[in-house]
Amino acid sequence: MVATLIRLLTGVQARWVGDGAQTLQTDGVRRVFFANHTSNLDGAVIWAALPRAIRDQTRPVAAQDYWNAGAIRRYLAKRVFNCVLIERKKVTRSSNPILVMQQAIDAGESLIIFPEGGRTKDETAEMGVFKPGLYHLAKKDPTVQLIPVYLENLNRILPKGEFILIPLLATARFGNAVELLADDTKESFLHRARKAVIDLKHSGDCHA
């Protein structure tokens, strides 16, 4: 019901690039979907665009300070999207975001994350450098599939600072899994992962 409503409100269309669709057909695989970040709707839209079987085991990772601010946000985060809420300001050893995310993965769940760590102003701006969280998750568990996603039009549907949706067609493009190679440094892996998302922006090889 909620996923259907999000798809209706945003008009989001899922697109699969390369063997992305075949990758998602594999059962029992834990995944980390990583994407560009321009709107507070981003996590919900990726979640809604996923096939039902995968969506049921996938949790958006979101900022605790934002989603705990007010009863409505708190309800949506905990009861609707089942978010993994992470601390951004007063991080302790027990609240370390990597530890919290890894615990969810160890429990058999998949995640939606935004490696830039913050929102870019709009789609014309250069995507930010990826923070090391994605690398650490990949290194801790090489069996987790790392799926790049590019979101288009989300910042125009819900501009920063606004609360009313502007009807437009959004697109979520899912690409080929990115692997942590044996000779990867943290920098080389993060550069390649970021490029995978950027390549999806320019890809013309998309189909429903």
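The backbone oxygen of I54 lies 2.7 Å from a polar atom of the T58 side chain. That is a polar contact (a pair of N or O atoms within 3.5 Å; within protein, one must be able to donate a hydrogen and the other to accept it, and residues adjacent in sequence count only if both atoms are side-chain atoms). The model is predicted: local features need pLDDT of at least 70, side-chain atom pairs count only at pLDDT 80 or more, and totals for chains, interfaces and linings use all residues. Residues are numbered from 1 along each chain as its sequence is written, and side-chain values use heavy atoms, with hydrogens and water left out.

T58 sits in strand β3, residues 58–63. Helices (H or I, at least four residues) and strands (E, at least two) are DSSP runs, numbered from the N terminus. T58 has a relative accessible area of 2%, so it is buried. Buried means under 20% relative accessible area, exposed over 50%, and partly exposed in between (1.4 Å probe, protein chains only). Beyond its neighbours within four places in sequence, T58 is in contact with F33, W47, L50, S110, L111 and I112. Contact means heavy atoms within 4.5 Å.

R59 is also found in β3. R59 counts as buried because its relative accessibility is 17%. Its side chain makes a polar contact of 3.0 Å with the side chain of E109. Neighbours within four places aside, the contacts of R59 include N82, A104 and S110.

Strand β3 leads on to the largest pocket. β3 gives the most to its lining, with 4 residues. The volume of this pocket is about 770 Å³. Of its 31 lining residues, the closest to the centre are A63, I86, R88, F114 and G117. A pocket is an open set of points on a 1 Å grid over the protein atoms alone, where a 1.4 Å probe fits, with protein on both sides within 12 Å along at least five of seven lines; lining residues have an atom within 4 Å of a point. The volume is the space filled by probe spheres set on the points, which are joined across faces, edges and corners.

Now turn to helix α10. Its buried residues are F189, L190, A193, R194, A196, V197 and L200. Seen down the helix axis, they fall within an arc of 140°, so they line one face of α10. The arc is that of the directions from the axis to the C-beta atoms. These buried residues pack against β1, β2, α8, β6 and β7. The face turned away carries the exposed residues E187, H191 and H202.
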